[in-house]
Amino acid sequence: MLSTDLRDNVLVVRVEEKRIDASKAPAFKDEMTRCIEAGQNQIVLDLSQVDFIDSSGLGALVSCLKRLGPRGSLAVAGATGAVSRLFTLTRMDRVFALHQSVDSAVEQLSA
Amino acid sequence: MVSSISLSIDSDLDKVSLLARAVRALCEDLLSPDDQDAVELSLVEAINNVIKHGYHGERGKDVQVAVGLQADQVVIEIIDHAPPMPPQVLDSTSEDAFTFDETDIANIPEGGMGLALIRMNMDEVEYRSSESENRLRMVKRIVPLS
């Protein structure tokens, strides 16, 4: 469900699913955990293909953030519509740095 | 205009999105895109709760959804036959779930947000249990186009 691309030492992880819901959250978390355990700690999550996330999906993102630890960063790019609204409603927009584009997220993390 | 439809799925998380998309489509002409998002999220959270907490993830149990399209509101009822939600879950207020300290990463919630999200997204939420069933009734009012 994920495709990855390394840019300026930042791992860009693109979610290739339209929904990250309770049925997909465990697989999402497993795949993200593998990226993190492979040593990546600057990650941009590209959500531009995603049009729905529920609280289980959001919980999986939070779990990844915890797994990254204090030296890691997880930025979110391309969240729109219902996805962006969920971040705001749950105040998770204070936890994750939200970027309009992957480019601006990569730029910030690689700086 | 009053019309209603009943839909049902097996208690399988893989099937929740089918129901969500169906109900969203029913609301398309009545609600704004933001309100459709609100209804879809509330429905998904409610059904996830039934499957995960009510039926403990067991498949083969029934989850019914009744959708009433009325002139001024959309009424969605989720009916299940699991043990009822504990009263302490229902008593928690919706703001509690999201009053975390964002600098304290270890304590940012990973779950327990479902009911709070439903309350934030719907205009009325009511939960009733009887001997035979549990019924979560959620109402979204239709805002007339100005």
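**View 1. The contact between chain B and chain A.** In this predicted model, 28 residues from chain B and 26 residues from chain A take part in the contact between the two chains. The area buried between chain B and chain A is about 2200 Å², and carbon and sulfur atoms give 60% of that area. Of the area that chain B buries against chain A, 21% is supplied by B:Phe98, B:Glu102 and B:Glu110, which is more than any other three residues supply.

**View 2. Polar links across the interface of chain B and chain A.** Three salt bridges are found across this interface, and eleven residue pairs, with both residues at pLDDT 80 or more, are in polar contact between chain B and chain A. In one salt bridge, the side chain of B:Glu40 meets the side chain of A:Arg19, with a distance of 2.8 Å from N to O. On the side of chain B that touches chain A, the elements that give two or more residues are helix H1 (16-27), H2 and H4 of chain B, and H2(B) gives the most, with nine residues. When the residues on this side of chain B are sorted by class, 14 are nonpolar, five are polar and nine are charged.

**View 3. The largest pocket and its lining.** The largest pocket has a volume of about 660 Å³. It is lined by 38 residues, and those closest to its centre are B:Asn49, B:His53, B:Met85, B:Val89 and B:Leu115. Both chains have elements that give two or more residues to this lining: in chain A there is helix H2 (55-68), while in chain B there are helix H2 (33-54), strand E3 (73-80), helix H4 (114-121) and strand E5 (134-141). The largest share of the lining, eight residues, comes from H2(B). By class, the lining of the largest pocket holds 17 nonpolar, 15 polar and six charged residues.

**View 4. The second largest pocket and its lining.** The volume of the second largest pocket is about 180 Å³. Among the 15 residues that line this pocket, A:Leu65, A:Gly72, A:Ser73, A:Leu74 and A:Val95 are the closest to its centre. The elements that give two or more residues to the lining are H2, strand E6 (73-77) and helix H4 (102-110) of chain A. Sorted by class, the lining of the second largest pocket has ten nonpolar residues, four polar residues and one charged residue.

**View 5. The largest cavity, lined by residues of chains A and B.** Rolling a probe the size of a water molecule over the atoms shows where empty space is left. The count comes to one cavity of 30 Å³ or more, and the largest cavity has a volume of about 50 Å³. Its lining is made of A:Phe52, A:Ile53, A:Ala82, A:Arg85, A:Leu86, B:Asp37 and B:Leu41. At least two residues of this lining are supplied by each of strand E5 (52-53) of chain A, helix H3 (81-89) of chain A and H2 of chain B, and H3(A) gives the most, with three residues. The lining of the largest cavity includes five nonpolar and two charged residues, but no polar residues.

Conventions
Residues numbered from 1 in each chain as written. Chains lettered and ligands numbered in written order. Predicted model: local features only at pLDDT ≥ 70, side-chain atom pairs only at ≥ 80, totals over all residues. Heavy atoms only, no water. 1 Å grid on protein atoms, 1.4 Å probe; cavity = no way out; pocket = protein on both sides within 12 Å on 5 of 7 lines; lining within 4 Å. Points joined across faces, edges and corners; volume = space filled by probe spheres on them. Helix = DSSP H or I, 4+ residues; strand = E, 2+ residues; numbered from the N terminus. Nonpolar A, V, L, I, M, F, W, Y, C, P; charged D, E, K, R; others polar. Contact = heavy atoms within 4.5 Å. Buried area = accessible area lost by both parts, 1.4 Å probe. Salt bridge = Lys/Arg side-chain N within 4 Å of Asp/Glu carboxyl O. Polar contact = N/O pair within 3.5 Å; in protein donor to acceptor, adjacent residues only side chain to side chain.
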